[in-house]
Amino acid sequence: MADNDVGDYGAVGAGAGGVVSTSFQSFNFSQFLCNTGEEPVTSFGQVTMLHVVFNSSGAGSLREALWAQGLRQRVVDLTDNLDWGPIATNSFDDRQAWLDSNIPLQEMGWDWIANGAREFEAKVRSDPDRLIWIAPQSASELSALYWYLDLIGGDGARMIVVDYPLQDAWCGMPPPSLGQLHADRFSDLLIDAERKPWNPVRFPENRWKALRNEASLLRIVNGDLLNSVREDYFDEHLLAQCTHKWRKCYRIIGDTMGHLWDQNHDADHLFLCWRLRVLAEQNQIESNRDIVGHSLSGADPLLIRLGA
């Protein structure tokens, strides 16, 4: 990768003509050193840290924050949401086949999740100096962390565990996921957050194997624990947003996600789309056309109403 390419990197550190950016000049190195105990890496040195994130939106914001602070460090993210769908065989190819069958995506397939997982593993194994980011309130991130620990292990890893309210936190609560944080919050965390060693008591390495054995299609966070539940766990919340009059599907899903958010659940919209598809097959709801992923709005929106 050329020096002026971004790719997985958070920053280049110098602008056109080799002029150091203002954000790089203003970055408080001494404060950073106090919190990390090591020298930060810029485009003038070697890349010595890999940031591991289990939320693609959060990874994008972290890259932006690293760029703003002049840190040329790599960020790798897992693109799959492992809190739902089959995991019993531990095969992303099996997940892909199940998803293609149960919630097909309009004009595309799910083949990207298997390719993404293989690429993620290769990048993680390429650098032993890893900093893992996790918002353990998120079932998706916590599921991915347990998959990672089963695959890679946690020895030698450091973690930033965002399990506390940040500045201007909504209702004084910890963030439901890293995907809810903007780049400025990641910038604060880069400077202030404690780097903790992996704690095998709080995040046991064998948890993923236990979840696989339970063979559930849905996992949620209850307190500090990630538990398997029935796949219809959120169905009543979806049905509560349906009426006997036609409603736009994306509004039903959005309102359900908001209601679940109030209950500290960060449900994936494609999981809820799959559940609507199942409810339609059970004749509990009706739709004006086939319910498939990524076809919920537009000029011809998908409409839903309660079954007769």
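**Entry 1: a bridge in the sheet.** I started with Arg247 and looked for its bridge partner in strand 10, which turned out to be Ile304. I was reading a predicted model here, so I kept the confidence check for a later entry. Going up one level, I found strand 8 and strand 10 (residues 303-306) paired in the antiparallel sense, over two bridges. The sheet they belong to is open and has three strands in the order 8-10-9, with antiparallel pairing.

**Entry 2: the hairpin.** Next I moved to strand 6 (residues 218-222) and strand 7 (residues 225-229), which run antiparallel and are joined by five bridges. One partner I noted down is Asn227 in strand 7, which bridges to Ile220. Two residues sit between the strands of this hairpin, and there I found Gly223 with a positive phi near 65°.

**Entry 3: confidence.** Before going further I looked up the pLDDT. The chain has a mean of 84, and 82% of its residues reach 70 or more. Where is the pLDDT below 50? One such stretch is residues 1-6, which has 10 contacts in the model beyond near neighbours in sequence. A reminder to myself: where pLDDT is low, the predicted coordinates should not be read in detail.

Entry 4: I turned to the nonpolar residues. In soluble globular proteins, nonpolar side chains tend to be buried together. The largest nonpolar core here has 32 residues, and the members touching the most others are Val52, Phe54, Phe120, Leu145, Tyr148 and Phe203. Elements giving two or more residues to this core include strand 1 (50-53), helix 5 (111-125), helix 6 (139-151) and helix 8 (207-214). Which element gives the largest share of this core? It is helix 6, with eight residues. I also noted a second, separate core of 31 residues, with Trp98, Ile113, Leu217 and Leu272 among them.

Leaving aside neighbours within four places in sequence, I found Phe203 in contact with residues including Pro136, Leu142, Leu145, Tyr146 and Leu149. Met159, Val161 and Trp198 are also among the contacts of Phe203.

**Entry 5: salt bridges.** The structure holds 14 of them, and I followed up a few.

- Asp80 and Arg95 form one, with their closest N and O atoms 2.8 Å apart. Asp80 is in the loop between strand 2 (74-77) and helix 4 (92-102) and Arg95 is in helix 4, so the pair ties together parts 15 residues apart in sequence. I checked burial for this pair, and both Asp80 and Arg95 are buried.
- Lys123 and Glu119 form another, at 2.9 Å between the closest N and O atoms. Both lie in helix 5, four residues apart, about one turn of the helix. Lys123 is buried, with a relative accessible area of 18%, whereas Glu119 is partly exposed at 45%.
- Asp290 and Arg277 meet through their side chains at 3.2 Å, N to O. Asp290 lies in the loop between strand 9 and strand 10 and Arg277 in helix 11 (residues 269-281), so this pair ties together parts 13 residues apart in sequence. Asp290 is partly exposed, with a relative accessible area of 49%, while Arg277 is buried at 15%.
- Asp184, Arg185 and Asp188 are linked in a network of salt bridges.

**Entry 6: Asn55.** My last stop was the loop between strand 1 and helix 3 (56-68), where Asn55 has its place. Is Asn55 buried or exposed? I found Asn55 buried, because its relative accessible area is 17% and the cut-off for buried is under 20%. Which backbone nitrogen atoms lie by the side chain of Asn55? A polar atom of that side chain is 3.1 Å from the backbone nitrogen of Ser57, and one is 2.8 Å from the backbone nitrogen of Gly58. Not counting residues up to four places away in sequence, Asn55 touches Asp77, Leu78, Glu141, Ser177, Leu178 and Gly179.

Terms used. Residues are numbered from 1 along each chain as its sequence is written. This is a predicted model: local features need pLDDT of at least 70, side-chain atom pairs count only at pLDDT 80 or more; totals for chains, interfaces and linings use all residues. Side-chain values use heavy atoms; hydrogens and water are left out. A nonpolar core is a set of buried Ala, Val, Leu, Ile, Met, Phe, Trp, Tyr and Cys residues joined through side-chain atoms within 4.5 Å. Buried means under 20% relative accessible area, exposed over 50%, partly exposed in between (1.4 Å probe, protein chains only). Contact means heavy atoms within 4.5 Å. pLDDT is the predictor's confidence in each residue, from 0 to 100. Two strands pair if DSSP finds at least two bridges between them. A salt bridge is a side-chain nitrogen of Lys or Arg within 4 Å of a carboxyl oxygen of Asp or Glu. A polar contact is a pair of N or O atoms within 3.5 Å; within protein, one must be able to donate a hydrogen and the other to accept it, and residues adjacent in sequence count only if both atoms are side-chain atoms.
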